[in-house]
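Here is a short briefing on helix packing and a chain interface. Look over the structure first, then read the points below.

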Amino acid sequence: MERLKVNLLGIELSNPVIPASGTFGYGREFAELYDINILGTFSFKGTTLHPRLGNPLPRIAEAPAGMLNAVGLQNPGVDRVIAEELPALARIFHKPVMANVSGFSVDEYAETCRRLDACVQVGWLEVNISCPNVHGGGMSFGTDPAMAAAVTRAVKAVTTKPVIMKLSPNVTDIAAIARACADAGADGLSLINTLMGMRIDLRTRRPVIANVTGGLSGPAVFPVALRMVYQVARAVDIPVIGMGGVASAEDVIEMMLAGATAVEVGAANLVDPFACKKIIEDLPGVMDRYGIERLDKWR
Amino acid sequence: MRQVIYTIVENTPLTANVYRMRLRGDTSAIVAPGQFINLQIGGLYLRRPISVCDWDGDGLTIIYKVVGKGTEALSGMAPGEALDSLSGLGNGYDLTCAGESPVLIGGGVGVPPLYGLAKRLMRQGRAVTVCLGFNTASEVFYEDAFRALGCEVRVSTVDGSHGAKGFVTAILPEHPTHYYACGSEPMLRAVFKALPCSGQLSFEARMGCGFGACMGCTCETIAGYKRICRDGPVMRKEELIWNA
């Protein structure tokens with residue numbers, strides 16, 4: 001449908017709906033449920049240079065209107081993703097996919113991105129700079145403008161595809177991080193990653209999550225995410241992908257009104273595996289109700 | 001996996017905090033005992049995974065213990081109400097390795113999925129022994145139901161108030177051909193140690209999605225980390241790294 005199309009960094013999306021990394025695996029589970037080619041694209045599971053087993057269990061906890069997770073970037077490593085997941089994906093998904101990358105040093109980010117940049121299926125690199133790291137003195141890459149810029153520059157130096165820096169909301173001034181990434185050459189930004197949270201089990205008097213803290217997502221974070229997308233979209237001149245608690249076509253429109261070019265949907269996929277399909281189907285009706293002719297020319 | 005809106009037909013207590021719920025609706029996605037359904041419960045964000053106790057063409061039975069907000073809300077639901085469910089999740093037990101005289105070992109709320117398994121193994125003509133472990137007499141359920149299937153039923157309670165005194169490992173038969181276990185991890189580990197024959201163990205976990213997308217629940221195996229919800233919840237004894 002022509003009116004749903006948007007352009008994300010030179011690649012046309014049939015609609016702005018993108019399942020977020022970590023909630024869609026490498027696509028296989030959802031492809032058994034519906035034709036995932038109806039999606040604009042999707043961002044695959046956060047991939048690192050080396051395989052990662054992730055954190056101890058429990059990794060998941062309930063929260064009011066949302067959930068906490070501390071999966072810990074469990075993934076098979078970039079080489080197996082390229083050798084096994086991408087060929088499997090090619091059989092079920094015929095559009096450019098967004099490659100989500102994480103790392104524990106600047107060099108690791110760059111090397112993982114360099115390897116994925118060589119894959120024809122990859123349309124964009126989404127660089128997650130909001131995982132706790134061991135390189136920068138225990139500080140997240142995404143919470144320090146200089147480190148965020150350093151990762152951006154290192155990735156841009158070894159890649160040709162559009163680089164989208166995925167920002168952490170656990171900062172005082174997200175616009176400053178956004179500007180640092182943009183100034184360092186980022187092609188786009190995506191936000192927000194999860195908000196750090198915690199739960200304690202009253203019976204055991206211990207944290208519910210083995211990692212003690214986890215990332216909060218789901219509708220609970222939507223207003224925070226929207227505010228940050230709004231702030232960042234005004235602080236930079238590069239495209240912004242909005243995400244955080246999006247669960248409906250109305251939420252997608254609201255994110256786009258705040259300045260997002262496209263919208264990622266995360267936790268909603270876990271509680272309703274058909275969430276993105278429903279959102280895409282609902283979009284035209286919601287656009288009609290609010291007098292929106294097309295999603296690419298309305299701001 | 002299939003999304004099904006089930007209708008509650010019955011929701012009755014079996015003990016002080018264990019309930020049996022019968023649901024009417026499409027069970028076509030359920031192919032093996034030991035699979036589970038993931039229920040959306042009003043007011044809560046994440047779905048709640050509950051093992052299938054038994055099923056037929058018209059619907060299914062679940063048995064759950066009230067342990068938190070989700071199961072508490074579930075216990076307050078009435079016949080006629082609808083439950084949005086992802087049905088037919090997980091791998092379930094493999095019946096083909098049972099042999100002539102398998103033993104089914106359940107601890108507490110790990111007992112329910114063994115009922116559907118026992119029923120199907122009895123239909124195949126196996127000599128099924130069922131060993132059920134509970135804390136105390138007032139928590140015992142389904143002893144007679146298993147007996148009605150024709151199984152040999154052994155019960156233990158930790159305090160000795162019903163059946164043998166002690167853990168379920170105290171009442172295991174000597175030379176079963178295969179075992180099927182479901183219960184807490186300490187119970188599974190004890191069974192793993194006690195029985196030298198081949199076996200299958202069903203795991204419980206806090207899950208995000210229940211269908212393999214989020215990596216919220218995993219279990220270390222000889223073949224790397226497996227997803228409890230998708231590759232499990234039933235793991236083969238031989239693939240667990242518990243020997244060390």
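In α2(A), Val78(A), Asp79(A), Ile82(A) and Leu86(A) meet Thr112(A), Arg115(A) and Leu116(A) of α3(A). Contact means heavy atoms within 4.5 Å. By class, this contact has four nonpolar, one polar and two charged residues. This is a predicted model: local features need pLDDT of at least 70, side-chain atom pairs count only at pLDDT 80 or more, and totals for chains, interfaces and linings use all residues. Residues are numbered from 1 along each chain as its sequence is written, chains are lettered from A and ligands numbered from 1 in the order in which they are written, and side-chain values use heavy atoms, without hydrogens and water.

**Helices α2 and α3**
- Helix α2 of chain A spans residues 78-90, and helix α3 of chain A spans residues 106-117.
- They pack at an angle of about 25°, with axes 10 Å apart.
- α2(A) and α3(A) are therefore roughly parallel (angles under 35 degrees count as such).

**Helices α3 and α4**
- α3(A) packs on helix α4 (residues 145-157) of chain A at about 35°, with the axes 8 Å apart.
- Val106(A), Tyr109(A), Ala110(A) and Cys113(A) of α3(A) make the contact with Ala150(A), Val151(A), Ala154(A) and Val155(A) of α4(A).
- By class, that contact has eight nonpolar, no polar and no charged residues.

**Chain B with chain A**
- 28 residues of chain B contact 36 residues of chain A.
- Three salt bridges are found across the interface (a side-chain nitrogen of Lys or Arg within 4 Å of a carboxyl oxygen of Asp or Glu).
- Arg227(B) and Glu29(A) join their side chains in a salt bridge, at 2.7 Å from N to O.

Note on methods: Axes fitted to C-alpha atoms, helices over the stretch in contact; angles between N-to-C directions. Helix = DSSP H or I, 4+ residues; strand = E, 2+ residues; numbered from the N terminus. Parallel < 35°, antiparallel > 145°, perpendicular 65-115°, else oblique. Nonpolar A, V, L, I, M, F, W, Y, C, P; charged D, E, K, R; others polar.
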